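Please open the model in your viewer and keep the sequence panel beside it. The stops below each begin with something to select.

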Amino acid sequence: MMKCLAHSVREAFISIRRNAVMSLVAMSTATFCLVLFGAMLILSANLNALASEVEEQVEMTIYLEDEVEEAHALTLAEQLVTVAGVRDVTYVSKEEALERLCERLGDQGAVLGAVGGTNPLPASLEVGLAWPEAADEIAEVARAMGGVDEVIYAQSLFEQLLAVTGFLRLTGYVLVSALLVAAACLIANAIRLTIFARRREIAIMRLVGATDGYIKGPFAVEGLLLGLVGALVAVLLVSYGYAWLVDNLRFTIPFLPLVPVDEIMDTTRLILLGAGAFMGFSGSLMGVRRFLHN
Amino acid sequence: MIRMINVWKTFGEQHALQDVNLHVQKGEFVFLVGPSGAGKTTLVRMVYREDTPTQGRVIIGGQDTTRMHRKYIPLLRRNIGMVFQDFKLLPDKTVYENIAFVLQVTGVSGRDIKRRVRNVLSLVSLSDKADQRPDQLSGGEQQRVAVARAMVRDPGIILADEPTGNLDPATARDIVGLLEEINRLGCTVVMATHAQPLVDTMRKRVVELVEGCLIRDQERGYYS
Ligand SMILES: Nc1ncnc2c1ncn2[C@@H]1O[C@H](COP(=O)(O)OP(=O)(O)OP(=O)(O)O)[C@@H](O)[C@H]1O
Ligand SMILES: [Mg+2]
């Protein structure tokens, strides 16, 4: 077993050196595809972050009737928290509502004067939504509760937002999967060329009774190595590329919430290396199969 | 050692082998003769299970190769040494590596490999060329490497398909002499050939194919 592995590694290095140009082609194909893949990963992570950030900001306000006591309002809040899709519920009393208004307008006395001494603002429950899709149902539940006057939420805004973020994520995933398949095929093809150059050798090995595993071993290792090296280059390019982008966009488009480099790069690196190794490995096995089964 | 029972091989409309029955015992030396296209190569390919018959059975060393699972083919071939007209050496490996390689495939230990390769190299008188590549050797020398490679595992059978086809008569005699020596050590040898003088001087068993039919099987026979 160890002997076979050592043999495979040695033969793989010999083959890479001998087919330097082909190896380079396969490797840069891997790099090219993995850079695109990495870019997609980062883009999709950013879209996800953006989407969930926007989603988090979405809230629903439930206005209560005037005669509702604070105690009753708090039980309503407790009931609402248990409803699926509700992240949190905050009770805003009439006084707090007024304070907020005053804060916004500046002078409390003037406001009170304007409304004639009594507080006209209703108490309310502010509902944070865990996922905006549930907004309609939550509103339904709230309306059915006693003491609820009105439920307000930006229904169409929710829907638009959902449509946009959902679409962006879906396109991201579709693109990424398409890219992965294309990359695997390209690498399989490039490696197939190096195998094609050695088909005579493979035929002779089969003639003298080498097992399929013994023949495949070096190619699998070769593919693995090429995929890994290609991925390594891709990782470098993507890491520095994204760091540069974050640095520059921070000044030009400051409000764009880019995911910080540290937060995303570790997983991205791992995924790229894994994808590179896997593509190289399976690509070369795919390539060599054809020369074994005839 | 080799037994073919009612073997047919058909390519499309054409019968490459027609109802061939052949029994070669352990230690025999057999010449396979016949005009071009008679089916010699096709028959040899059946023995090392590069091909299976359209009909009939091929039994090698007691094993029915027609029903053999793919994964046992390498094991079958380890007991068969092969020599071809075009040598089939690995061009990027030295003479030594070309021979050592068939032992590595079977997992022989490093020290054993060295000893056995040196052994066969001296048998074919190529000890001084061990580090050369095939393209630095003459055709006869390359074929001697191929013979050394075929015998290094002490196989029960050696198959040679026109091993002298690319060689001058004197070199051809050398190669057949080597095969005869291996045969004397107990190895079964089957050699497909067009070399009439060789067959006529050696006086071994001769099997003749014509258009896929086995028409003659003669002890101490002549080419025709
Ligand atoms: N793979 C194949 N596909 C189609 N026909 C084939 C195939 N292999 C062999 N044949 C046919 O089978 C017949 C026998 O061929 P084979 O190679 O066995 O002859 P041979 O006796 O070895 O001839 P030679 O002395 O020229 O080497 C030929 O007519 C050939 O065209
Ligand atoms: Mg032939």
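Which residues in helix 8 of chain A meet which residues in helix 9 of chain A? Select I202(A), M205(A) and R206(A) in helix 8, and you will find that they meet Y214(A), I215(A) and F219(A) in helix 9 of chain A, where contact means heavy atoms within 4.5 Å. By class, this contact has five nonpolar, no polar and one charged residues.

Before going on, note that this is a predicted model, in which local features need pLDDT of at least 70 and side-chain atom pairs count only at pLDDT 80 or more, while totals for chains, interfaces and linings use all residues. Residues are numbered from 1 along each chain as its sequence is written, chains are lettered from A and ligands numbered from 1 in the order in which they are written, and side-chain values use heavy atoms, with hydrogens and water left out.

Now show helix 8 (residues 199-207) and helix 9 (residues 212-252) of chain A whole: they pack at an angle of about 150°, with their axes 10 Å apart. The two helices are therefore roughly antiparallel to each other, a term for angles over 145 degrees.

Next, select ligand 1 and the 13 residues around it, of which Q14(B), S36(B), T41(B), T42(B) and H194(B) come nearest; here a residue is near if one of its heavy atoms lies within 4 Å. Helix 1 of chain B gives the largest share of this shell, three residues.

Finally, display the atom pairs: an oxygen atom of ligand 1 lies 2.5 Å from a polar side-chain atom of S36(B), and a polar side-chain atom of K40(B) is 2.8 Å from an oxygen atom of the ligand.

Key. Polar contact = N/O pair within 3.5 Å; in protein donor to acceptor, adjacent residues only side chain to side chain. Helix = DSSP H or I, 4+ residues; strand = E, 2+ residues; numbered from the N terminus. Axes fitted to C-alpha atoms, helices over the stretch in contact; angles between N-to-C directions. Parallel < 35°, antiparallel > 145°, perpendicular 65-115°, else oblique. Nonpolar A, V, L, I, M, F, W, Y, C, P; charged D, E, K, R; others polar.
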